[in-house]
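This report describes the model shown below.

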Amino acid sequence: MNVLLDHLPEFREGFIGTVLLTLASGLLAMVLGVVIAGFRVSPVPPLRFFGAAWVTLFRNTPLTLLFLVAWFVVPVIFAPGLNPWTKALLALGFYTSAFVCEAVRSGINTVPLGQAEAARSIGMTFFQTLRLIVLPQATRTVIPPLSSIFIALTKNSAIAGAFSVTELFGVQKLLSDKGFAIAWIFLWVALGYLVITFTISGLFRLLERRMGVAR
Amino acid sequence: MSSSVLYDAPGPKARVRNVVYTVVGSAAVLGLIVFAIYRLNIKGVLEPEVWDIFNNAGVRANIRDGVLSTLKVFALAGVLSLVLGLLLAVARLSDHKPVSWLATGFIELFRAVPLLITIYALWVLFLSYKDDLGVVGDNTAFWALVIGLTVYNGCVQAEVLRAGINAVPRGQVEAAYALGLRKTQVMTMLLVPQAVRSMLPTMISQLVVTLKDTSLGYIITYAELLYAARTMANNIIVNGENPITAVVIVVGAIYILLCLALSSLATWIERRGRRAKTGIAVAAAAEPAEAPGVLDATEGPLGPVAAAPEAPGEPAAPADEVPGSSAADGPDAPGEPGGPDLGKS
């Protein structure tokens, strides 16, 4: 009990850190994922290849390795002087974008054939078909998998704590280094994650109900 | 729907335009690659001396040991998580309410908590009771990693199996009871074999996740592949620098190859299962849902809900692969609850 009350500021900081990191990298992953999914269904072969390579690469790499890359390779080779938070954002966002891409692509595949055919027959281009017809309808089927992707992202963001970004795992590490009983710390940190994950699944269920249309 | 429906068979004008796009697109992709190589070259990563370290017997032995200890953790945690998953699934479906509640609580708690948190807590716990634990005490990081992976992935496998068991048609169970089989017999002879068979691709996909998650051992300083590679890179100095980039590229390639091999096994079993006409439908080789309460959002079988988003008359066949996409990622949606074809038979 006391661990929580005595260290409320740390827990609060960690909780806010986890939420912010999840939100920011979720946003990055959404943008990248939709763009890459667009690449993967586009009529241009190199873009399709690029999309497939992107997904294969990031889906089969452990996130810890991506964090290592973001920490020790990216600053040396490409962009020196990134702060840890940005590096964590990049690693999490890129990793998750591959999963978002696959979810969006399978969502695109569930839109009935006739829709795209109709769009084509009234003269829409590829981009118009995708933007105005297919993606809006794919949204509904994409929402349930997206919910679980974001929950996975929340849990994955714990790895950032090991790389000295302020968030809930960092709090656990800090307090257990100070010698508090691990069982209580575990319980409170777990509770923090439970709050976030249940909020996400609740929000997405709400969204699903709002967007649900009888087909 | 294959992607080609999104655009027409190109006419003369569109063909020219597509050629232009292809050239521009290739140029952009090539440009990215060239830029990366250029930067790597400037930073001296492409020097022959840097890559020469992989000819060193010590470096090779280090990497081999790393791979072996990663595989050791993976094998142990994979087997244990399957066993635990089976036990938890059966416990959760038990008719004895306390047993079922306990299993439900266990599954929901450990599925919602990040694996790293569990592993770290176990590690600290084992370290503080090091002397009383015997075998576990000598190898705290190893056992923390194995048990953490087992608990988390066991919970996920339990949910996958439960979805599979729920997808077995109710009539089969009734028929079995009518023949006079007991509860245990129904479970062991009827439900579990069918559930395992139909859920095998999803279970193997979760094993891929287990394999990737062994890299969390890096954080609790267990000498698996990533940690071994990192410490090795720190101890080598080539041209005045640690060859971290080169080592990371090699290690990344090893991980990707391992994961691709395992997930192509899942896809292969899925294809094979789809050909068979008997039994319940085989699930997609997708990673199971991570969300608490997503797999069990509905009472009873998953099938109708998961199948609902499908377009009418549009079975999610593996044939809709985009041309040019790699063979390993089938028609799977990551996190799609249970796969689209459950319970349709």
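Which residues in α10(B) meet which residues in α11(B)?

## The α10–α11 pair

In this predicted model, the α10(B) side of the contact consists of B:Leu225, B:Leu226, B:Ala229, B:Met232 and B:Ala233. They meet B:Ile244, B:Val247, B:Val251 and B:Ile254 in α11(B). By residue class, the contact of α10(B) with α11(B) comprises nine nonpolar residues, no polar and no charged ones.

Helix α10 of chain B spans residues 225–235, and helix α11 of chain B spans residues 244–275. Their axes lie 9 Å apart, and the packing angle is about 160°. Because angles over 145 degrees count as roughly antiparallel, α10(B) is roughly antiparallel to α11(B). The crossing of α10(B) past α11(B) is right-handed.

## Organisation of chain B

Chain B contains twelve helices and zero strands; its pattern along the sequence is accordingly written α-α-α-α-α-α-α-α-α-α-α-α.

Of the 345 residues in chain B, 46% are buried. Among contacts in chain B with a separation of 6 or more, 78% join residues 24 or more positions apart.

## The largest nonpolar core

The largest nonpolar core has 150 residues. B:Leu116, B:Ile117, B:Ile119, B:Ala144 and B:Leu145 are those with the most contacts inside it. Helix α7 of chain B, residues 140–167, gives the most to this core, with 18 residues.

B:Ile117 also touches residues of chain A: not counting residues up to four places away in sequence, B:Ile117 touches A:Ala158, A:Phe169, A:Gln172, A:Phe186, A:Val189 and A:Ala190.

Notes
Residues numbered from 1 in each chain as written. Chains lettered and ligands numbered in written order. Predicted model: local features only at pLDDT ≥ 70, side-chain atom pairs only at ≥ 80, totals over all residues. Helix = DSSP H or I, 4+ residues; strand = E, 2+ residues; numbered from the N terminus. Buried ≥ 20, exposed ≤ 12 C-beta atoms within 10 Å, placed from the backbone. Contact = placed C-beta atoms within 7 Å. Axes fitted to C-alpha atoms, helices over the stretch in contact; angles between N-to-C directions. Parallel < 35°, antiparallel > 145°, perpendicular 65-115°, else oblique. Left-handed = near helix turned anticlockwise from the far one by under 90°. Nonpolar A, V, L, I, M, F, W, Y, C, P; charged D, E, K, R; others polar. Core = buried A, V, L, I, M, F, W, Y, C linked by C-beta atoms within 7 Å.
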